[in-house]
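The sequence and the structure come before the text.

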Amino acid sequence: MPSEPSDLVADHVLEFPGGYTRTTGPVIGRFLTELRERRLVGVRTAQGRVLVPPLEYDPGTGEPVTGEYAEVGPAGTVRTWAWVAEPRPGHPLDRPFAWALIRLDGADTDLVHAVDAGEVKAMRPGLRVRPRWRDARTGHITDIEAFVPEVTMMAAPVRLHYRLRPGQALTRFLEGVRDGRFIGCRCGACGKVYVPYRTSCPECGTPVSEEVELPGTGTVTTFAINNLPDPRAPEVPFVSAYILLDGADTPMIALVGGVPAHEVRQGMRVRAVWVPEEERTLSMTNIKWFAPTGEPDVEL
Amino acid sequence: MGNRCAVVGVGQTKYQTKRQDVSIAGLVREAALRALEDAGLTFGDIDAVVIGKAPDLFEGVMMPEAYLADALGAAGKPMMRVHTAGSVGGSTALVGASLIQAGVHDRVLVVAFEKQSESNATWALSTHPPFNASLVVGAGGYFAPHIREYIRRTGAPGHIGTLVAVKDRLNALKNPYAHLKIPGIDRAMVESTPMLWEPIRYLETCPSSDGACAMVLSSEAKVSGTPAWVHGAAMRSEAMSRAGRDTVSPQAGKDCAADVYRQAGIADPRRDLDVAEVYVPFSWYEPMWLENLGFAAEGEGWKLTESGATALDGDIPWNASGGVLSSNPIGASGLIRFAEAALQVRGMAGEHQVDGARRALGHAYGGGAQFFAMWIVGSDKP
Ligand SMILES: [Zn+2]
């Protein structure tokens, strides 16, 4: 049986030894010579347009160009572009880049070159770019390794490092939550009961002296169901609620748990659920959350 | 109330998510130069500069007023910075006005800004210090429970929030400076967006914007161009942790409104004012502030919204500019309310002009709804 023709496969490489040459002629030669010196030039046509890269003739009219060269760039503006997500071996960069039409400042035509912008999101028409030159230049278009976006933003790291020490009032309250108790206070002048414990009354300004212990039960006055994730907050959805502890005149903000978020109600009776004693510290995180007691809702 | 004071120049930048084409100094200059151009003046004509700005943590520039002083032509002049959280833009205008009313200066430049894109305001508002549990995320997480309580108290139907979200964004389509432009926005579109902080939906919240706003305030002797006269100016604050504090309708807001109405001779704000620019960062705050500011009786604010009275063609348009729901460079948002009120009574609000507006309210609130700033401006000399 003869083999199927498709089974017969062989590589065949045609590569002129040493590579072809390209005689540049005076105009492109001037462009490449300037490129080797890190300069970009175009040539002026009889009508005054600046062609970059230059040609020996005006491509619109076929007339010869003038002998006048104009320095352009080095900055330019991306007119349009195509993203190369997977560069191939012959490409100028080994990471994703854009092929772009770049209008160098002072030019009337566009230059095709690579833009090393990092990610496709960074590309847009109108993007300002500048050449990144190779150290070893030979007079070739690849003397420009790629164009890169101009600097439009810089990092400004700011780090504030505090050492916080809770004041007397907060320390007293945290001692309470360490022991599974809510410590509040009563104003001797206006009679209001505040929790957490504090040393002066925000209503009348009187220094507070009487400490009161509040029960771990209370009523949800209102709440939010949080669906926006935040690395520092509980997993969503979580319910942050205003809870008026029995006997208090100000609500505390706390998590409601042990119940699906959409079953939480205003007026719901709740009780504090504490983390195990061995895990407690001087912190509000001792309160795992408030969970429903099962009592009938309270009229608000 | 002191000497007469008038707004003679207003300048705004286009509000958008990222103004990557300008630095912070470039942004405030853009607004300031437009305000000066409107007034037919230059920096050389200005006696003092007042800068407003929300928390420094938003951009991570500490004391930005020091850095911005010479960008605003304040070299060799008095310069100060105001900070009252979200109400700061309003407070900035009032501090500037007080310098005129007190006879200290003849022309004051007030500028407020935010470049939110330099970081993330929700991050900056949720610093979560030690010893506390991390339970409130951003402004929405803070205000959602108070909105829920408003809905419970008044029995307002659920669609009221969506009505405001639609109305303000339709107004924004008429404002060239507005950030959010959502052609074809309707209730179904708003209701299809997710609940971020229930009961607040995504399209019921304000955007994050970069932007700046500026005004030139003038004494009577130095008035140039078309003035908007200040008829009343008031600020109030209240304690956050006070027992019995009404977080739905804060006392400081009621007191501030009563004060500014008394100064301006306003008996019934709905009848006596022609337009109001009120700080509504979450749509439900329109009915809430309608009650707090006395435009509607307690529990009736949502009915006013539902009736269409606050729409651009209603009897008392609220946020003809599109409001905070459409543009929110936080530190500037209050000043924009005050500036838009001035533009209305100067007859210079363009496509969102309320015909024949002669008296307008500018309003701002901030923090946990514990700072309030308001002014009433009019086309007639008070
Ligand atoms: Zn007291």
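Which residue stands opposite R186(A) in strand 11 of chain A? In this predicted model, that residue is E210(A).

**Sheet in chain A**

R186(A) and E210(A) stand opposite each other where strand 9 (residues 182-186) of chain A pairs with strand 11 of chain A; the two strands are antiparallel and share five bridges. Both belong to an open sheet of three strands in chain A, with antiparallel pairing and the order 10-9-11. Strand 10 (193-194) and strand 11 (210-214) of chain A are the edge strands, each pairing on one side only.

**Contact between the chains**

The contact involves 35 residues of chain A and 30 residues of chain B. On the side of chain B that touches chain A, at least two residues come from each of helix 5 (138-154) and strand 5 (195-198) of chain B. Helix 5 of chain B gives the most to this side, namely seven residues. The classes of the residues on the side of chain B that touches chain A are as follows.

| Class | Side of chain B that touches chain A |
|---|---|
| Nonpolar | 15 residues |
| Polar | 10 residues |

**Strand pairing across the chains**

Strand 5 of chain B also pairs with a strand of chain A: strand 12 (residues 217-226) of chain A is joined to strand 5 of chain B by two bridges, and these strands run antiparallel. Within this pairing, E198(B) in strand 5 of chain B is the bridge partner of I225(A). Strands of a sheet pair through backbone hydrogen bonds, in either a parallel or an antiparallel sense.

Terms used
Residues are numbered from 1 along each chain as its sequence is written. Chains are lettered from A and ligands numbered from 1 in the order in which they are written. This is a predicted model: local features need pLDDT of at least 70, side-chain atom pairs count only at pLDDT 80 or more; totals for chains, interfaces and linings use all residues. Two residues are in contact if their C-beta atoms, placed from the backbone, lie within 7 Å. Helices (H or I, at least four residues) and strands (E, at least two) are DSSP runs, numbered from the N terminus. Ala, Val, Leu, Ile, Met, Phe, Trp, Tyr, Cys and Pro count as nonpolar, Asp, Glu, Lys and Arg as charged, and the others, Gly among them, as polar. Two strands pair if DSSP finds at least two bridges between them.
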